[in-house]
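Colleague: I would like to go through how some labels on this model were assigned. Please set each value against its cut-off.

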Amino acid sequence: MTRKLFGTDGIRGTANVEPMTAETALKVAMAAGARFRRGDHHHLVVIGKDTRLSGYMLEPALTAGFIAMGIDVVLSGPLPTPAIAMLTRSLRADLGVMISASHNPYQDNGIKLFGPKGYKLSDEIEASIEAEVATGLAPRASSDLLGRAKRLDDAGGRYIEFVKATLPRRLRLDGLKIVIDCANGAAYKVAPTVLWELGAEVIPLGVTPDGLNINQACGTVATAAMQREVVARGADIGIALDGDADRLLIADEHGRLLDGDQLMALIAGSWHAAGKVTGDGIVATVMSNLGLERHLQELGLTLHRTVVGDRYVVEQMRARGCNIGGEQSGHIILSNHSTTGDGLIAALQVLATLVERQRPASVTCNVFTAVPQLLKNVHFGAGAPLETPAVKTAIAAAEARLGKAGRLLIRKSGTERLIRVMAESEDEALVAAIVDELCAVIRTVSPPLEKPQAAE
């Protein structure tokens, strides 16, 4: 069937506009509850959220849907997405739900679902839930078997202790000055607490959420404030999380930004030296830089590429037995510790390497020389611009100009009305020219319908 609800990362849209309405959230909860009945035990679902105003609308709607299916609900309040995956496993729940649109502005929201082992759902399971939403035929619980809801008061504390335990070899962060930008999002309490309890001097940013300022000029979508603060305060390193804290970006002591590719290379090298890498390499997406691939080859490791989406990275990691994977955007999955991207856990691995090597971040975290790469997002209007003859012709011409020495990747976003245009080659001027030309053609074929929102 054609999927209408689920995209590359759950269900996402403008809050209070279909499909991101209370009515649809109720139906999704009922359909997911029916899909995850696994026996005669009393079933349980964990629901978390970030700090968006619309979370107050979606949380009770989802709760009501699960209760109607005879499923108990545990509410965690604002916590990172990986915390919900962890709690789903820890509490032996049948399902986990995170209400978040990740890096998107507050006007958007989303519903991410986790199975009982804490992994995001497969395309097949999402399709079955979507089909059930359409029919609405799942039998409801009788009035005496309705579920119950309660708050889990120590949810944040559980996650804090879980994350702290992942810092290798019982290291401490004493002496490190760290700027942490929590994007006014889900990690605004737990992230500074983790770093402080491990001994760091913490300079928090983006920790005053008001329901409307999540990801607003802060976090991974806008790192400038964090970078400036690192330099102004003489910090050793800066960390930016996104709204649900499943991704991160790092700035060194000079304020220079390091993306997910550099962080994966750092972690892979450290783990490889310690004999901790499983499988024959790491898993990343088609967006990762060719420089990362070459660096891994020098270590005797392979870079396995997947389509864009952290859950597809996780699927390949599980299939290949790899314990490191991620995306250039900063989703980093370390399966020794977590079933999904976790910005805090990945940050601790980076900080551990700083502590062990006693060298500045500018030296430690710049692991390989990146091949010139340029990515631009093009907002489009109606239709399917990538299917038009003009765009196809332009793409073919660009591929011919790049030849075998470069890469061209063009894809439609799974969460926003965007076409992402990426080119990569040693010839930086050629890369810039090709990307700009392709973006211009796409805009001509399908001009945007309205003023664009923040891009992924």
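Modeller: Helix H14 covers residues 428-445, and at 1.5 Å a residue its 18 residues should span 26 Å; the end C-alpha atoms are 26 Å apart, which agrees. The expected span is 1.5 Å times one less than the number of residues, and helices are DSSP runs (H or I) of at least four residues, strands (E) of at least two, numbered from the N terminus. This is a predicted model, where local features need pLDDT of at least 70, side-chain atom pairs count only at pLDDT 80 or more, and totals for chains, interfaces and linings use all residues. Residues are numbered from 1 along each chain as its sequence is written, and side-chain values use heavy atoms, with hydrogens and water left out.

Colleague: What makes Lys 376 and Asp 436 a salt bridge?

Modeller: Their closest N and O atoms are 2.6 Å apart, and the definition asks for a side-chain nitrogen of Lys or Arg within 4 Å of a carboxyl oxygen of Asp or Glu.

Colleague: Why is Glu 426 called exposed?

Modeller: Its relative accessibility is 51%, and exposed means over 50%, buried under 20%, partly exposed in between (1.4 Å probe, protein chains only). Arg 294, at 38%, is therefore partly exposed.
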